[in-house]
Each structure stands twice: as C-alpha cells, then as structure tokens.
Amino acid sequence: MRAIATGMLATALLLPLQAAAKIDVAIPEVSDAIETNVRAFLSLTRYADRDDVTPEVMSRLQRRIVTETRQALEPLGFYEPEVTYEVKQEGDLWRVTIHIQPGRPVRLSEVNINVVGPGANDRAIRELLAEQEIKPGLRLNHGTYDRVKGNLVRVAKQEGYLEARITRHDLVIDRAERRANVDLEADTGERYLFGEINIAQDVITDEAMRRLLRMHPGDPYTLDTLLRTQYVLDDTQYFSVVDIESGDPDPVTRTVPMTVTAEPSRKHRYAAAVGYGTDTKARGKFTWDNRRVNQDGHKFKLELLGSSIVTDLTGRYIVPVMDIALEKLEFTGTLRDEELGDTRSKRAEVSAGLTQVLGRWQRVLRVAVAEEESIEADGTSSTNFYIVPSVGFSTLPSYIIGSRRRPYSFAAELRGSPETLGSDASFLQLRMKGERIFDITELWHLHLRGELGISRIAATSDLPTSQRFFAGGENSVRGFALNELSPKDDQGRTVGGRNLATGTFEVVRDLPRNFGIAAFYDFGNAFDEFRKPELQYSAGLGARYNIAVASFGVDVAQALSEPGRSPRVHLYIATQF
C-alpha cells in the first residue's frame, strides 16, 4: 500500500509539470501595424509567458482567435479579413501561427472638419487643420480619427480656449461600399486670459521678478507662454526651484489666476573642466559665477581658459536692464594670448556693451578699448592702441521668443577703429554669418551655412592680429586645421587676411534615438583681394546626436583642393535656432 501511495504521489507531482506550457504566436506576412494591433487584442498574448496553459485552456483560447483578430483589424480599416490559424504542441511549447488576408480596406470618402468660435482663425488651429491627417482617399484608421479629435481640443486649450469641445463627431462606415464619411466640428469657446499673478520669493526684487515673466495680466492664457516663463526663470540661474501654478479658471471674468513660487540657487558657483579638441588640443577651463551680486539681479563672472593655442582671463559685470531676461549692460575686461595661424596676438581689452531686443532681433552696441601686441610670422612685433565701437544684430533663438523652431539664424556686426578717436590705425570691418535648414522630407534635411568678412584698411599689417580673418577648422572649412587657411608671407607662413568667405552644404539623415548621419561639402578661405580669393574645398561624412537645443557629433573630412592630404577628424558642436 505504501508503494502504491508513493507512486500516486509522484504521479500527482509530475502532472502539473507535464501540463505546464508556454505559447509562441507568429503572425507572418502582415504589416507591423497589423501585427501590433492583433497581438494587443489576442487573449493568447496575455497567456504567452504563463506556465499553466493546459490543453483545456488552449482550446478555449484558440476559439477566440478569429473573433479577436477581426476586432483588431477594424480600427485599421479592414472589415472583411480572412483569418485562419494553426496550433501545434511541441513538448512544453504551444506554437500558434495566424494567417491573415486583410482584404480591401475601407477608405475615407467625404471628410468635413470644421472649427467654430472665436479661436477658429488662431494660427495654431489653422496649422493643425492644414496637416490633413485624415483626408479623402486615405485608409480609415480609427486611431488617427481619435487623435485628430483629441488634437482639436488639446491645441485649442493650449491656446487659452479652455472651454473647447467637440460638438459633432460622426463617423459613418459603409462596409458594403468600403467607404467612410467623417464629419467633425469643434467649438473653441471664448479665450481665457491671465488673471492676477501672485509671486512668492525673496531672491530678487519684486519689480525685477515681474520683468522676468513672459506672462502678464490680460494676456492670452497659453501653454507656450507658461513654458517660456518657466524657461526664462530657470535660465537666469537666480533660482534653484521655480513652481508656476495655475489657479481655478473664473468662467465669469474668463481669467486664470497664477502663483509663482521660487527658491534661491547657490549664490556662488565654481566649475572646472578639462577636455580635448581636434583644433585646440588639450584644454582646461575654470569659472567663478556670482549669480546674484545684489537683489537687482546684477551678476559677475570670472573665466580662465587655457589650451595649446590660447590663454584667456575674462571678467564680466552684468547689469540687467528693461527686459532683464534678454537685455543687459555688460562691462568686460580681458587678457588674451592667442595663436592665429603663424601669428600671435597679446591683447588687454576693456569694453562696455548694451544688449537690446528689437522684435525678433537682438542688437548689441559696444565700445572696446584695447592695447594689442601683434607678433608676425617673421618674429617682428608691434604694439598698438585701438578704440573700437561696434554695432551687431542677430536673430533671437526661437525658444526664447516663443515660436516654433526657426529654420534659420543670422548675425551681422559692423565695427571700426577711427584714428580721430585716438586709435593708432583706422579700419572698418563687416562680419556676417548665417545658417538655414531645409526639410527635404521628414527624415532628410539640407543645412546651408555661410560666413563673410570684409575689411577696409590701407595694409593688412595695419590690422590688429585679432581682427584678421582665418579659415579652417571644425566650424569653418573642415579637412583643414584651425586657422590654417589665410594669405601667406614669402616664407609660406599664414599671417591672416583682410577678407573671408566660407560656405557649407550638408545633407543630414535622421536615425532613431536622436542620432543622425551627414554628408557635407565645405569651401572657403581668408584672403586680401576679392578678385582672386583662391578658395579651398573639402568633403566628408559625419555622425550626429541631437538634443533639444544642440547637436553633437564627429566629422571626418578630406581636403579636395590639396591632393595628398590625409583625412582630418573634427568634433562637432552646434546650437539649434
């Protein structure tokens, strides 16, 4: 009896092990969208990794395959599919193969999407409608239809129409004719405005804080304004934590009260960094920031930079003015020792500059007083005194002014040093730089970049070394070393030129996970006469990694105008505009 009992116990213990099984589901010869949706609907999917799938459980699951597969295909526009399946058991594994013939899809026939209300002509809403995610001739996709409905309300609310709603949403499907009609209507309702703004902080004065805000009572209540305010407050480095909280909307006054709470950041910040670049070789940097000299938001910054080609000590005292997030009065002192090609510049300079915002442009008025020793390639040197007033204009970054990412950037500066003000030599100089991005397709982009410099002076030797033009390097003509391209003396040594012209054509292909690859063609040089610029050329390939406001990568460039050169590697860093 004991032996029989022992045998029965062993059998009982083994039965669950023999019955335990997992499920492998294959859905061949269909699109990724169909396979993903089918797997999401199948009961089999929920049992795939379980170890208690008995023949009885499997029998129940497989009876649902056809119905669940059909249900999964309907949201994708396939209402008459042919579905068959095969089930095989291989040891402790169930293999299920589902064969699907989707059939002819239901296509959109008539599409009517309408927005009414005060926000019907809002730019963001017009752009959403212009995307035409659903239009006649396209296959019906319930997910796309639901997304368009949701986007109409979402975008309207982001623009301040907090009572926006869908007032009509008819989707009529004719299975026999395989067509569908869409009739959507959204009502934006009235726009809400920013109401009273309460501020809780003791970091800077209340007046200075309010001048930082991008939102003001009576302005349209938009998500973009909230995000820009958050960005500006974070970017000042005055605060460690910023919390912007919306109160309950008032349906009578159609306003939204706001509360801004901020806590101070560390007043002093010290930073040190070391690195290596293809142009600068080994380099190091030390920075001391006094982020809040006083409650008016004044700042002081001391920066020491050292590398194989430049040593720089710069101190800056910054006084915010007007729009204190973007406009400032800046006093700067600099000691700089720099190699430029085969020449060298040792400069002591003090300057004062006023930065102002004019619409979507930034203007900088500046005057610098400098004493510079220029050491020429042949070893001769001269020391000169210069007073250099200048005016510059540049486009503001899109994320600061609150618009979609602008596909271009441009900067221009006019500077001069008249002898009538006490300078040892007179010169006039214009510098311009621009970039433009063209989206060829969603994944392919064309980047254009150009730089132009023009100097008016009697002789290049009268131009301070720091004001001469050089080309070559990672942000110029790749394939050549930093500042390698310029006019040369009788011994073949680069001495800098009065003029500059460079350009880049670059095609970029986006890859998953913010990566990309690029192919580029660079040209340009620094020269004295525009009549014979002797341009240099290069081409190469690169890899990119993109984040919100910058891209990083590496380029391998080959000089084309000077055969026999080896390819040159350049690190790539660029900001978005």
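Q: Does Leu-44 count as buried or exposed?

A: Leu-44 counts as buried, because its relative accessibility is 1%. Here, buried means under 20% relative accessible area, exposed means over 50%, and partly exposed is in between, using a 1.4 Å probe and protein chains only.

Q: Before we go on, what kind of model is this?

A: It's a predicted model, in which local features need pLDDT of at least 70 and side-chain atom pairs count only at pLDDT 80 or more, while totals for chains, interfaces and linings use all residues. Residues are numbered from 1 along each chain as its sequence is written, and side-chain values use heavy atoms, with hydrogens and water left out.

Q: Okay, so where does Leu-44 lie, and which residues is it in contact with?

A: Contact means heavy atoms within 4.5 Å. Helices (H or I, at least four residues) and strands (E, at least two) are DSSP runs, numbered from the N terminus. Leu-44 lies in helix H3, residues 43–47. Skip its neighbours within four places in sequence, and Leu-44 touches Ile-23, Val-25, Met-58, Leu-61, Ile-65 and Val-96. Arg-64 is 20 residues from Leu-44 in sequence, with 8.8 Å between their C-alpha atoms.

Q: Which residues of helix H4 are buried, and where on the helix do they sit?

A: An α-helix has 3.6 residues a turn, so residues three or four places apart point the same way. In H4 (residues 55–62), the buried ones are Val-57, Met-58 and Leu-61. They sit on the same side of H4, because they cover an arc of only 100° around the axis; the arc is that of the directions from the helix axis to the C-beta atoms. The buried residues of H4 pack against strand E1 (22–26), H3, helix H5 (65–73), strand E2 (82–90) and strand E3 (93–101).

Q: What makes up the largest nonpolar core?

A: In soluble globular proteins, nonpolar side chains tend to be buried together. A nonpolar core is a set of buried Ala, Val, Leu, Ile, Met, Phe, Trp, Tyr and Cys residues joined through side-chain atoms within 4.5 Å. The largest one has 24 residues, and Met-209, Leu-212, Met-215, Leu-233, Phe-239 and Met-258 touch the most other members. Two or more residues each come from strand E7 (193–200), helix H8 (206–212), helix H9 (223–235), strand E8 (239–246) and strand E9 (255–264). E9 gives the most, with four residues. There's also a second, separate core of 23 residues, which includes Val-25, Leu-42, Leu-73 and Val-96.

Q: How many salt bridges does the structure hold?

A: A salt bridge is a side-chain nitrogen of Lys or Arg within 4 Å of a carboxyl oxygen of Asp or Glu. The structure holds 38 of them. One joins the side chains of Arg-95 and Asp-24, at 3.3 Å from N to O. That pair links distant parts of the chain, with Arg-95 in E3 and Asp-24 in E1, 71 residues apart. Arg-95 is partly exposed at 34% relative accessibility.

Q: What about Asp-522 and Arg-478?

A: Their side chains meet in a salt bridge of 2.8 Å, N to O. Asp-522 lies in strand E22 (residues 515–527) and Arg-478 in the loop between strand E20 (444–456) and strand E21 (499–510), so the pair ties together parts 44 residues apart in sequence. Asp-522 is buried at 0% relative accessible area, and Arg-478 is buried at 0% too. Salt bridges that share partners join Arg-478, Glu-506, Asp-522, Arg-544 and Asp-555 into one network.
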